[in-house]
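Me: I would like to learn how to read the features of a model like this one, step by step. Could we go through it together?

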Amino acid sequence: MFLLSAPLYLQGQQIISGKVSDAVTKESIIGATIQLLHSDNGTVTDTEGHFNLEGHGPIQISYIGYKKLIVYPDGDFLEILLHPEVTQLQTVEITGRVSKLYNSDYNFSATKIATRNSEIPQSISTVTKELIADRQAFRLGEVLKNVSGVSTVSFYNHYAIRGVTQNAVSIENRLVNGMRTSQIYFNQPLSTNIERVEVIKGPASMTFSNTDAGGSINMVTKKPLVEARQQVSLTAGSFNTMRGAMDFTGPINEEKTLLYRLNIGYEDALSYRDLQFKKAILVAPSFSYVPNDKTRINLEMTYSQDNSRLDRGQPIFGATAGVTNLNSTPLSFAIGASNDHYHTQETSFMLNLVHEFSKEASLNVSYMKQGWNEDLSEHRTSNIFARDSSGNSIPSLVDMQFFQRQQKWYTNNVNAFINIQKEVGKLKNNTVVGTDYIHYHVIRGAAQNIGRGFINADGTGAINTYDPSTPQLYQYGTFAGVRAPIPNVPYFDLQNPEYLIKNMSDYFLERSDFAPTAYFSNGFYVMNESRIDKFILNLGLRQEYYTDLINYRLSNEDKVTQKALLPRIGLTYLASNNINAYGVYTESYLPQSTASLVNPQAGGPFDPLMSNMIEFGTKTTWFGGALQGNLAVFEINQQNILISANDPGNVNLLRQRGRERYKGAETEIIGNILPNLQVNVAYAYIDARIIEDVDALMGLRKENTPTNNFSLWGRYDFVHPSVQGLGFGFGANHVGEKIPWFTRDFTIPAYTVADAAIYYSVKNMQMALNVNNIFDKEYWLGAINYTRLYPAAPRNAMLNVTYNF
């Protein structure tokens with residue numbers, strides 16, 4: 001265990017000393033847990049594998065990937081050898097991990113079987129629950145700031161991975177335990193029930209069906225543990241933030257064949273942004289049934305509710321004499337009304353069954369059902385400034401529109417595969433043959449009201465667009481001292497903002513219902529991993545079928561069908577016990593049709609998003625696996641990218657761009673430098689270019705993508721008796737400049753921010769004070785245009801108390 005309980009100084013106890021090494025390589029194991037049985041007293045091995053423990057009686061030695069060992073000390077220096085235990089590793093995460101480190105040795109989803117990260121021929125970044133807790137990262141966006149090549153582009157659940165800003169489809173299709181869910185991208189999910197977050201870099205359609213080119217974000221939930229643990233956490237901090245979390249787990253019966261886990265999270269917070277607030281609750285119970293060593297079953301449910309307002313960003317004044325002043329309005333400045341709201345509710349059910357027929361063959365079946373409700377009422381910018389009667393922009397007035405929307409949708413996933421392992425001489429072969437099925441359905445009854453445009457001449461309705469060549473069609477008034485058409489929804493005055501309770505009956509509304517839509521995606525795949533001597537060859541082939549239906553189950557049902565054959569080839573070379581080199585080529589497919597976009601006004605149907613990637617890299621380990629290092633260089637090409645059509649009459653309308661290319665390199669160092677010092681360091685260089693589009697854009701940098709991205713977080717715990725229990729955290733993030741989505745008239749400047757934390761642990765309790773942006777840096781995460789910038793939080797602090805019992 002990395003965090004140690006304070007030693008109990010009792011008379012008659014002795015000092016137990018020894019060294020822990022790998023039984024095969026004879027290398028020292030750093031960070032191995034030495035636990036005095038039937039006691040809370042424990043320690044970890046140092047950089048040379050040594051340990052000293054005060055106590056009397058048998059000790060247990062454990063480290064992930066090795067067999068646990070119980071030793072009865074006899075007073076002599078102990079030479080302890082741990083044997084690797086890969087064969088007993090569960091093929092799918094049915095029960096939870098007990099490691100308490102920043103690094104994660106295994107991945108269960110990228111190849112459908114339990115595989116060491118160092119042996120997978122693709123870059124995978126992992127943020128564990130320990131790093132999540134040390135940073136007090138309560139929502140997904142706060143977690144991902146520690147991943148190389150990932151940058152936040154807005155306030156929403158929306159990111160750029162390796163320069164690829166996530167497509168409208170993939171934004172709303174997050175992976176949970178490798179299964180697809182539909183979460184609209186406005187709300188970042190709570191992290192209370194998350195064991196770790198994995199970012200599988202590059203195309204991953206081979207294993208996850210339709211995915212984005214830059215990478216896939218997979219949230220792995222906490223699973224029940226065999227040992228009983230209970231944890232309660234309370235947090236208070238800046239912006240009137242209050243948070244609470246509970247995590248209870250352990251066996252239900254004496255045989256420990258039935259296990260449970262219960263995670264509860266709650267948040268009530270205001271914001272550094274005007275009008276904004278968040279109230280959220282998450283309840284996630286799960287159960288594991290392990291009747292024998294051949295059959296394992298896991299059942300989990302999640303209920304979450306999030307009440308907030310949509311934050312459409314900070315509007316600023318238009319450029320003056322060609323110069324843009326990002327500080328022309330305060331960072332807290334927001335657009336909206338006091339009675340706007342955004343309420344979402346999600347419920348999910350997941351079942352996993354693993355059965356081993358023999359040592360060579362096993363069956364894995366997973367099912368997930370998820371439901372999502374959305375209730376939206378918002379006043380938002382139409383992404384342009386108001387115009388005077390001659391059609392000229394008024395840089396102090398923002399053109400507004402009103403949206404009211406309610407809809408429900410459901411997602412069903414089924415994933416089944418057979419795993420066959422065969423060993424002939426020096427050849428070890430592992431084959432996975434499987435199928436998966438995804439059904440997504442927006443049910444009938446979804447509807448939307450839109451208020452926009454300008455009051456017509458007789459005051460009986462509104463016209464969506466303004467044409468100065470036909471002034472007789474509109475009514476006019478004076479706004480900011482300028483004659484302009486009277487809007488259907490009042491302009492937002494940047495010089496004299498008003499936050500009123502708006503009366504929607506004052507607007508002329510366009511009322512419409514959404515046609516019921518559905519899509520079906522199913523695929524058949526075969527993956528084969530062959531090991532001989534120092535080489536691991538990974539081959540995969542997937543046949544994907546996709547059907548999109550609008551006016552689902554109505555007489556005028558319209559169907560679109562697509563299919564794709566997706567290959568994957570990877571090779572890993574085990575150069576030594578500490579260094580692996582790899583190369584991989586893989587492709588991705590992502591449909592972009594009406595149902596999958598969840599947006600009837602987007603246009604289409606569109607051609608599918610197609611991409612490919614070639615990547616080379618090395619993966620290394622030091623100090624007996626306690627520290628991991630990864631380096632990768634890559635090139636990704638994708639075509640048929642959906643971007644905004646910039647149509648003032650339909651802000652939801654999309655168009656397709658021909659091709660984009662992303663080249664770069666990234667590196668990460670994660671784990672223990674010392675037994676009491678953990679670090680997570682990440683850097684990425686990305687050259688993202690528009691290759692095929694309108695002439696004016698070809699060859700230019702991709703929007704909302706920084707060239708350089710660096711992150712650092714570390715935690716150091718003092719071991720000297722005089723300051724035992726005291727620790728501190730330190731971190732920094734650097735993100736290069738970005739180009740806004742809809743305009744190239746200004747840039748979002750690069751920024752570097754620093755964070756810090758101090759921890760104090762006593763017995764079963766830890767207190768933590770995290771201070772973010774300690775130098776109160778003013779910066780922006782991204783931007784759409786002049787009316788929508790995303791300023792980051794000023795200096796803020798969070799005080800947390802966690803008690804384990």
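**Reading the model**

Reply: Let us begin with a loop: Leu-275 lies between strand E20 (258-269) and strand E21 (278-289), where helices (H or I, at least four residues) and strands (E, at least two) are DSSP runs numbered from the N terminus. This is a predicted model, in which local features need pLDDT of at least 70 and side-chain atom pairs count only at pLDDT 80 or more, while totals for chains, interfaces and linings use all residues. Residues are numbered from 1 along each chain as its sequence is written, and side-chain values use heavy atoms, with hydrogens and water left out.

Me: What is the phi of Leu-275?

Reply: Most residues other than glycine have a negative phi. Leu-275, which is not a glycine, has a positive phi near 75°. Asn-640 is likewise not a glycine and has a positive phi of about 70°, but this residue lies in strand E39. Asn-640 is buried, because its relative accessible area is 17% and buried means under 20% (exposed is over 50%, partly exposed in between, with a 1.4 Å probe and protein chains only).

Me: Which residues does Asn-637 touch, not counting those up to four places away in sequence?

Reply: A contact means heavy atoms within 4.5 Å. By that criterion Asn-637 touches Met-610, Ser-611, Asn-612, Arg-659, Glu-660 and Arg-661. Asn-637 is found in strand E39 (residues 627-644) and counts as buried because its relative accessibility is 13%. A polar contact is a pair of N or O atoms within 3.5 Å; within protein, one must be able to donate a hydrogen and the other to accept it, and residues adjacent in sequence count only if both atoms are side-chain atoms. Such a contact joins the side chains of Asn-637 and Glu-635 at 3.0 Å.

Me: How many residues does the largest nonpolar core have?

Reply: A nonpolar core is a set of buried Ala, Val, Leu, Ile, Met, Phe, Trp, Tyr and Cys residues joined through side-chain atoms within 4.5 Å. The largest one here has 26 residues, and those with the most contacts inside it are Leu-140, Leu-144, Val-150, Val-197, Val-199 and Ile-217. Two or more residues come from each of helix H1 (129-134), helix H2 (140-144), strand E12 (159-161), strand E16 (194-201), strand E17 (215-221) and strand E44 (751-762). A second, separate core has 20 residues, including Met-400, Phe-402, Phe-492 and Met-504. Returning to Val-199, and leaving aside its neighbours within four places in sequence, one finds among its contacts Leu-144, Val-147, Val-150, Ile-161 and Ile-217.

Me: In which sense do strand E25 and strand E26 pair?

Reply: Two strands pair if DSSP finds at least two bridges between them. Strand E25 (residues 393-424) and strand E26 (residues 427-442) pair in the antiparallel sense over 16 bridges, and the partner of Lys-422 in E26 is Asn-429. These strands form a hairpin with two residues between them, and Gly-425 in the turn has a positive phi of about 60°. E26 is also joined by 16 bridges to strand E34 (residues 517-532), again running antiparallel, with Ala-518 in E34 as the bridge partner of His-441.

A further hairpin is made by E30 and E31, with two residues between them and a positive phi of about 55° at Ala-480 in the turn. Four bridges join strand E30 (residues 476-479) to strand E31 (residues 482-485), which run antiparallel, and Thr-478 stands opposite Arg-483 in E31.

Me: Where is the pLDDT below 50?

Reply: pLDDT is the predictor's confidence in each residue, from 0 to 100. The chain averages 88, and 93% of the residues score at least 70. Over residues 1-12 the pLDDT is below 50, and beyond near neighbours in sequence this stretch has 26 contacts in the model.
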